[in-house]
Amino acid sequence: MKRVVTAIELNDVDIKLFQAEKVRGKDTVTFYDIRPIIHHSDEDAAALLKKMIALLPIVPDKPILLVPRRFAILRQMRLPSYDPKEIEDMIGLQLVNNIPYSITDVIYRYHLLDQNSEGYSRALVIILYGEIIQRYQQILQSAGIRNAKLTLNSFGVRDWLVYQSNKHQAVAVLNLDSQYSEICFCYDKKLFFSRSLSFKGKRLLLDDTEELVKQIGLSLDIYHSEHLGPETKDILIVSAPSEGKGLKRHIEDKLKLAAQIIEPFNNICCSHNSGRTDHQEHYPFSITAALGILMPGTKDFIDLAPAKIHAEKYMGIRQRWMVQCVLLFLMAAILGATVQLVHVEKRKTRLELLKNEVERLQAQAEKSREKIQFVEFFDQKLARVRFIPDLINEFNHLTPEGVSFRALSLDENGELMIQGYARMHAGMNDLQARLIQSSLFHDVDLKFATKRKIAGISVMDFKIVLQLYNEREETSWPDL
């Protein structure tokens, strides 16, 4: 059977669709299409993806969706077992108090790194919030895709590196994209660590790489200080040589690393007229992860797609089922005891008791139904309210480095007031631009921005007032 692989990379600003198959015995990219999402909404993304899929030469069977790295939490764990089932159970127990979500609200998978002679296994655990997966599955279903696999961008970068080289030294791969970038630390066909970087690829064209180099240095410090993998002194920049030249020089000068530039399509075969893009205004953008998924590499595929995510609905059905079972059990027990009575009077008395008990249980069942209706009504009302953790997550990802808050208030009308300090005027402007682009807020208004000195340090004191959307349905899910 012909090997045909379809990869979809979907983020907030663009969709990348790739397909590859065997051509004369060689894996070849036969189609790629990259287009921007004009209005940055899930509905627009689904409609655009549907149009792009219609252009594929082969109808996709179980396409692979690449989830951006910034949506995932990665944890390395050392566990006293070789057994896969035991390892998975131990991971679940350790995650209970180590992630900012309930364990029932997340999907987690593990990637085995190594095992030692003492019976210990080391694993990289990938955790995704269930609602993020639901969001992507809904987009796929709206685009006509009912069955798909989900994996993390970082594993596509790892597979691309494996296809490019059979060398086994530790290396850091810098994958630059139009909206967010990432750095992946790989060794011996395994991903040991990756980190999302807040850097837009087109800043590379302006030689604006100082902040990126700082983030790379921070990532290296985390990787080495926490002993997450073999030491690496090499970094691979996936970019066109002309765009990556300045970044290569800055990395070598400031981080003292041996840097190398390599193009994404290096060593990868493409058929004639296989691709198109409407995305030049966002260039350079990344195609590394999608290409890695298309090429035959490691067999360690991490599928994050769950069978179903209906925990709350299931719990409600299960509770109602338990109430019914208890009622039936009690009635059967009472009837069984009545049959065993010998004397007529005792039977009459028992039957009277049974009647009273049934009436009591019916009253309890009615109360239970009222409680269920109340909970469903409350849940419907609650679903229209924006939760504070959503706001905290959004501010965590929108706030640039060098900006801090000293006051934040939210009134009952959804008006949000932010006061804080910025070390540079550009940081405050960056925050304001991100708030405007966010799908959670509108009517962003900078009230004032004043230079002042605090403890001898010159800072920008600012106040911003903005409006929060009232209903979840009006907004797309925020970045994690």
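My cut-offs are under 20% relative accessible area for buried, over 50% for exposed and partly exposed in between, with a 1.4 Å probe and protein chains only.

**Ground rules**

I am working on a predicted model, where local features need pLDDT of at least 70, side-chain atom pairs count only at pLDDT 80 or more, and totals for chains, interfaces and linings use all residues. Residues are numbered from 1 along each chain as its sequence is written, and side-chain values use heavy atoms, with hydrogens and water left out.

**Overview**

I began with the whole chain. It has eleven helices and 19 strands. I take these as DSSP runs, numbered from the N terminus: helices are H or I with at least four residues, strands are E with at least two. Of the 480 residues, 44% count as buried. I then looked at contacts, meaning heavy atoms within 4.5 Å. Among those with a separation of 6 or more, 66% come from residues 24 or more positions apart.

**Two lysines with positive phi**

I went back to Lys-189 for its backbone. Its phi is near 65°, a positive value in a residue other than glycine. Lys-189 sits in the loop between β10 (181-187) and β11 (190-197). Lys-62 also has a positive phi, about 55°, and is not a glycine. I found Lys-62 in the loop between α1 (42-54) and β4. Lys-62 is partly exposed, with a relative accessible area of 42%. I noted the background: most residues other than glycine have a negative phi.

How many of the seven residues of strand β1 are buried? I find six in β1 (residues 4-10), so the strand is largely enclosed by the rest of the structure. Next I checked pairing, which needs at least two DSSP bridges between two strands. Seven bridges join β1 to β2 (residues 14-23), and these two run antiparallel. Val-4 has Glu-21 as its bridge partner in β2. A hairpin of three residues connects β1 to β2. On β4, I count three bridges from β1, with the strands parallel. There, Ala-7 has Ile-64 as its bridge partner.

**Arg-70**

I followed β4 (64-67) onward. Arg-70 lies in the loop between β4 and β5 (72-79). Arg-70 is buried, at 9% relative accessible area. What does its side chain touch in a polar contact? The partner is the side chain of Asp-12, at 2.7 Å. For me a polar contact is a pair of N or O atoms within 3.5 Å; within protein, one must be able to donate a hydrogen and the other to accept it, and residues adjacent in sequence count only if both atoms are side-chain atoms. Arg-70 also lies over the face of Phe-71, 4.8 Å from the ring centre. My test for a charge over a ring is NZ of Lys or CZ of Arg within 6 Å of the ring centre and within 35 degrees of the ring normal. Arg-78 passes it too, over the face of Tyr-120 at 4.0 Å from the ring centre.

**Aromatic pairs**

I listed the ring pairs. The structure holds ten aromatic pairs. Rings of Phe, Tyr and Trp (its six-membered ring) pair if their centres lie within 6.5 Å; planes under 30 degrees apart count as stacked, over 60 as edge-to-face and the rest as tilted.

Tyr-32 and Phe-265 form a tilted pair, 5.7 Å centre to centre with 45° between the planes. This pair links distant parts of the chain, with Tyr-32 in β3 (residues 26-36) and Phe-265 in the loop between β13 (258-262) and β14 (269-270), 233 residues apart. Phe-265 is partly exposed at 27% relative accessibility.

Tyr-101 and Tyr-129 have ring centres 4.4 Å apart and planes at 15°, so this pair is stacked. Tyr-101 lies in the loop between α2 (84-95) and β6 (106-115) and Tyr-129 in β7 (residues 121-129), so the pair ties together parts 28 residues apart in sequence. Both Tyr-101 and Tyr-129 are buried.

I also noted a cluster: ring pairs link Phe-18, Tyr-32 and Phe-265.

**Helix α10**

Last stop was α10 (residues 388-398). Its buried residues are Asp-390, Leu-391, Glu-394, Phe-395 and Leu-398. They cover an arc of only 130° around the axis, which puts them on the same side of α10. I take that arc from the directions from the helix axis to the C-beta atoms. The face turned away from the buried side carries the exposed Ile-392 and Asn-396. The cover over the buried residues includes β16 (403-410), β17 (415-422), α11 (425-437), β18 (441-454) and β19 (457-468).
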